[in-house]
Amino acid sequence: MRDTLTKMYKVGTNRGHNRVWIEGNMLLSFGFTRGLRFARTMRDGKMYLIQDPQGKHRVAGTEARPIIDLNGQYLDDLFHGYTHYDATFNAFGPAFIMIQGVNQ
């Protein structure tokens, strides 16, 4: 397992709203496996996905290809004016993913 890593993704859309789609080995490398629960919090213009057994959200997909798929108005606000987002994966403490809008 790695400690931290940042990867850039293109902001997607679904049903007229911005979308976060992260899948596969990046999630597995940081302990985000299918069925794992996580909490989503917004702070200082960033979104945090924090591993939490009581979390409202769950990693979807399969054991070999886990998927985090988020969309909604809250992402429209977070990504306003941005074409991409950086996802910083962190394995320390409860593992988390920090997401913030960027332009390529």
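## Aromatic pairs

A search of the whole structure, a predicted model, finds four aromatic pairs. Rings of Phe, Tyr and Trp (its six-membered ring) pair if their centres lie within 6.5 Å; planes under 30 degrees apart count as stacked, over 60 as edge-to-face and the rest as tilted. One of the pairs is Phe 30 with Phe 89: the ring centres are 5.4 Å apart and the planes meet at 25°, so the pair is stacked. Phe 30 lies in the loop between H1 and E4 and Phe 89 in strand E9, so this pair ties together parts that are 59 residues apart in sequence. Both Phe 30 and Phe 89 are buried, where buried means under 20% relative accessible area, exposed over 50% and partly exposed in between (1.4 Å probe, protein chains only).

Phe 79 and Tyr 85 also form a stacked pair, at 5.3 Å centre to centre and 20° between the planes. Phe 79 is buried, with a relative accessible area of 1%, and Tyr 85 is buried with a relative accessible area of 1%. Ring pairs link Tyr 9, Phe 79 and Tyr 85 into a cluster.

## Basis of the values

Residues are numbered from 1 along each chain as its sequence is written, and side-chain values use heavy atoms, with hydrogens and water left out. Because the model is predicted, local features need pLDDT of at least 70 and side-chain atom pairs count only at pLDDT 80 or more, while totals for chains, interfaces and linings use all residues.

## Charges over rings

The charged end of Arg 40 sits over the ring of Tyr 74, 3.8 Å from its centre. Arg 43 lies over the face of Tyr 48, at 4.5 Å from the ring centre. A charge sits over a ring if NZ of Lys or CZ of Arg is within 6 Å of the ring centre and within 35 degrees of the ring normal.

## Nonpolar core

The largest nonpolar core has 24 residues, of which Val 20, Ile 22, Phe 32, Ile 68, Phe 89, Ile 97 and Ile 99 touch the most other members. Such a core is a set of buried Ala, Val, Leu, Ile, Met, Phe, Trp, Tyr and Cys residues joined through side-chain atoms within 4.5 Å. Two or more residues each come from E3, helix H1 (25-29), strand E5 (46-51), strand E8 (66-71), helix H2 (73-78), strand E9 (84-90) and strand E10 (96-102). The largest share, three residues, comes from E9.

Not counting residues up to four places away in sequence, Phe 89 touches residues including Asp 3, Tyr 9, Ile 22, Met 26, Phe 30 and Ile 97; contact means heavy atoms within 4.5 Å.

## Strands and sheet

The protein has two helices and 10 strands, which run β-β-β-α-β-β-β-β-β-α-β-β from the N terminus on. Helices (H or I, at least four residues) and strands (E, at least two) are DSSP runs, numbered from the N terminus. Six strands form an open sheet in the order E1-E9-E10-E5-E4-E6, with antiparallel pairing; two strands pair if DSSP finds at least two bridges between them. Strand E1 (4-10) and strand E6 (57-58) are the edge strands, each pairing on one side only.

Strand E4 (residues 37-43) and E6 pair in the antiparallel sense over two bridges. The bridge partner of Phe 38 in E6 is His 57.

## Overall dimensions

Along its principal axes the C-alpha trace spans about 35 × 25 × 25 Å. Buried residues make up 39% of the 104 residues.
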